[in-house]
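Dear colleague,

Please read them with the coordinates open beside you.

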Amino acid sequence: MNDETFFEKVYRVTKQIPAGRVTSYGAIARFLGSSAAARMVGWALNSSKDKEDFIPAHRVVNKKGMLTGKSHFQGPDVMKQLLENEGIEVKDDKVVDYERIFWDPGKELI
């Protein structure tokens with residue numbers, strides 16, 4: 001694990017987000033010990049579409065539950081559709097009941 005790049009660590013954490021749950025860029029950054037690197041988490045996820053294995057980047061939103069990364073998907077509603085396919089309600093580009101379905105890697109992963 002120590003040989004992993006920051007991006008690879010982001011991908012490893014993101015793959016563990018359960019379907020039907022979301023987390024934030026900042027929560028991943030904090031879990032990785034780089035609390036100021038939320039933007040870098042976003043950059044990693046923006047690049048994830050080039051990876052061979054599936055990275056569920058649609059499950060990562062901003063700290064208020066907004067779909068700020070939606071422009072990096074193949075269409076303007078793809079991120080929303082992927083979340084809704086998992087049973088997550090999205091209204092006005094914001095996850096409904098964000099606090100309830102929030103997945104904190106700092107509490108869920110050891």
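Please keep in mind throughout that this is a predicted model. Let me begin with Y11, which is buried, its relative accessible area being 6%. The ring of Y11 is paired with that of F7 in an edge-to-face arrangement, with 6.4 Å from centre to centre and 65° between the planes. F7, for its part, has a relative accessibility of 27% and therefore counts as partly exposed, given that buried means under 20%. The two residues belong to helix α1, which covers residues 6–14, and because they are 4 residues apart there, about one helical turn separates F7 from Y11.

A search of the whole structure gives 2 aromatic pairs. Y98 is buried, with a relative accessible area of 8%, while F102, at 21%, is partly exposed.

Returning to α1, the buried residues in this helix are F6, V10, Y11, V13 and T14. When one looks down the axis of α1, these buried residues fall within an arc of 165°, and they therefore line one face of the helix. As for what they meet, the buried residues of α1 pack against α2 (25–31), α3 (38–47), β2 (60–61) and α6 (105–108).

With kind regards

Definitions and conventions:
Residues numbered from 1 in each chain as written. Predicted model: local features only at pLDDT ≥ 70, side-chain atom pairs only at ≥ 80, totals over all residues. Heavy atoms only, no water. Phe/Tyr/Trp six-rings, centres within 6.5 Å; stacked < 30°, edge-to-face > 60°. Buried < 20%, exposed > 50% of the residue type's maximum accessible area, 1.4 Å probe, protein only. Arc of directions from axis to C-beta. Contact = heavy atoms within 4.5 Å.
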